[in-house]
Amino acid sequence: MAITMYQSDRNTVSPANDASLYTAITNGQSVILPRGNNFNITVNGLVATIGTGQAIIQGRLIEITQPETLTLPANSSGYIAIVVDLTKTNDVSGSAGTPSYSVKVNQVYLAAVTGTLTQDDLNNGGFVNEMAIAKFTTTTTTATATVQQNLMFDTGWQNISLVTGNSFVASDSFAQFRLLNNVVHVRIKGLNVSKSQNGNQVGTLTPLFSPDVSLYVAAHTYSSSAVNIVGLNVRPDGFMYVDFTGSNTRTNVNANFNYPLE
């Protein structure tokens with residue numbers, strides 16, 4: 001048979017299959033779980049001490065159970081990373097199924113990465129994935145490290161996919177969303193929306209982060225002469241649009257709202 005079910009009676013689930021499942025559950029995120037000391041980092045000279053904690057890297061659960069030390073390279077900058085390296089072989093002792101059986105895991109370790117992070121897709125033939133937990137900068141004898149707060153269920157601010165024809169007022173304008181603790185936050189600043197080019201669509205959220213029922217929230221347009229309130233609609237399919245009344249354009253649209261992800 002070409003079809004199987006791994007979580008079935010008498011079947012076995014390999015680490016790769018288990019990781020594939022949890023990658024889907026976590027939406028492909030590599031994240032730090034709120035466990036232990038959240039990998040808090042202290043530095044003495046060029047030696048960084050990484051505290052306890054847990055992370056998920058492409059479906060693989062990784063834990064530091066006791067503080068680990070890492071010597072950082074002098075006169076450089078980069079990342080302190082947890083590295084999953086499937087090219088390495090784990091060491092096994094004892095017989096499987098007996099109390100003497102144990103595994104020394106060599107496929108995960110800490111590293112100081114001074115170049116580009118390697119982030120292979122481990123679930124589709126990749127071998128190495130480096131997840132940054134801090135940034136560091138060093139001199140000849142000292143170092144500073146800043147922890148990356150990449151906590152579970154926090155996507156960070158992501159750009160909303162805008163419809164062709166819309167534009168921003170200035171370089172500091174944006175249209176973004178963020179999933180944090182199961183609440184979707186949307187913020188829009190300085191967006192010009194043209195009804196004549198694309199209807200009144202602003203852009204599209206991925207349906208995964210869209211509300212289960214349509215939302216109608218207040219937005220504002222700013223000009224030198226007045227501030228006007230306009231409606232902003234978000235549908236379950238992710239389609240987001242401005243409620244036009246008369247004008248073919250809405251200039252400098254601004255909005256800030258959130259909703260729970262049911």
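Is Gln-58 buried or exposed, and what is its relative accessibility? At 12% relative accessibility, Gln-58 counts as buried, where buried means under 20% relative accessible area, exposed over 50%, and partly exposed in between, computed with a 1.4 Å probe on protein chains only. The structure is a predicted model, in which local features need pLDDT of at least 70 and side-chain atom pairs count only at pLDDT 80 or more, while totals for chains, interfaces and linings use all residues. Residues are numbered from 1 along each chain as its sequence is written, and side-chain values use heavy atoms, with hydrogens and water left out.

Gln-58 is located in the loop between β4 (53-57) and β5; strands (E, at least two residues) and helices (H or I, at least four) are DSSP runs numbered from the N terminus. β4 and β5 form a hairpin with two residues between the strands, and in this hairpin Gln-58 takes a positive phi near 45°. Most residues other than glycine have a negative phi. A positive phi, of about 70°, is also found at Arg-10, again not a glycine. Arg-10 belongs to the segment before α1 and is exposed, with a relative accessible area of 88%.

Five of the five residues of β4 are buried, so this strand is largely enclosed by the rest of the structure. Gly-53, Ala-55 and Ile-57 are buried on one side of β4, and Gln-54 and Ile-56 are buried on the other, so that both faces are covered. β4 is joined to β5 by five bridges in the antiparallel sense, where two strands pair if DSSP finds at least two bridges between them. Gly-53 has Ile-64 of β5 as its bridge partner. Three bridges join β4 to β1 (residues 31-33), also antiparallel, and here Ile-32 is the bridge partner of Ala-55.

An open antiparallel sheet of four strands has the order β10-β7-β11-β12. β10 (108-113) and β12 (143-147) stand at the edges with a single partner strand each, so one side of each is left without a neighbour in the sheet. On average, neighbouring strands of this sheet are turned by 30° against each other, direction ignored; axes are lines fitted to C-alpha atoms, for helices over the stretch in contact, and angles run from 0 to 180 degrees between N-to-C directions. β7 pairs with β11 over nine antiparallel bridges, with Ile-82 and Met-131 as bridge partners. The antiparallel pairing of β7 with β10 comprises six bridges, and Val-84 stands opposite Val-108 of β10. Seven of the nine residues of β7 are buried, so this strand is largely enclosed by the rest of the structure. β11 (residues 128-138) is joined to β12 by five antiparallel bridges, and Phe-136 stands opposite Ala-145 of β12.

A three-stranded open sheet, also antiparallel, has the order β2-β3-β6. Its edge strands, β2 (41-44) and β6, each pair on one side only. Neighbouring strands of this sheet are turned by 25° against each other on average, direction ignored. Four bridges connect β3 (residues 47-50) with β6, and Val-47 has Thr-71 of β6 as its bridge partner.

The largest pocket has a volume of about 750 Å³. On a 1 Å grid over the protein atoms alone, a pocket is an open set of points where a 1.4 Å probe fits, with protein on both sides within 12 Å along at least five of seven lines, and lining residues have an atom within 4 Å of a point. Of its 25 lining residues, Leu-61, Ile-62, Glu-63, Val-105 and Val-108 are the closest to the pocket centre. Two or more lining residues come from each of α1 (15-25), β5 (60-64), β6 (68-71), β7 (77-85) and β10. The lining comprises 15 nonpolar, six polar and four charged residues.

The largest nonpolar core contains 24 residues, of which Val-186, Ile-188, Val-202, Leu-205, Leu-232, Met-240 and Phe-257 touch the most other members. Such a core is a set of buried Ala, Val, Leu, Ile, Met, Phe, Trp, Tyr and Cys residues joined through side-chain atoms within 4.5 Å. β17 gives the most to this core, with five residues.

Conventions:
Points joined across faces, edges and corners; volume = space filled by probe spheres on them. Nonpolar A, V, L, I, M, F, W, Y, C, P; charged D, E, K, R; others polar.
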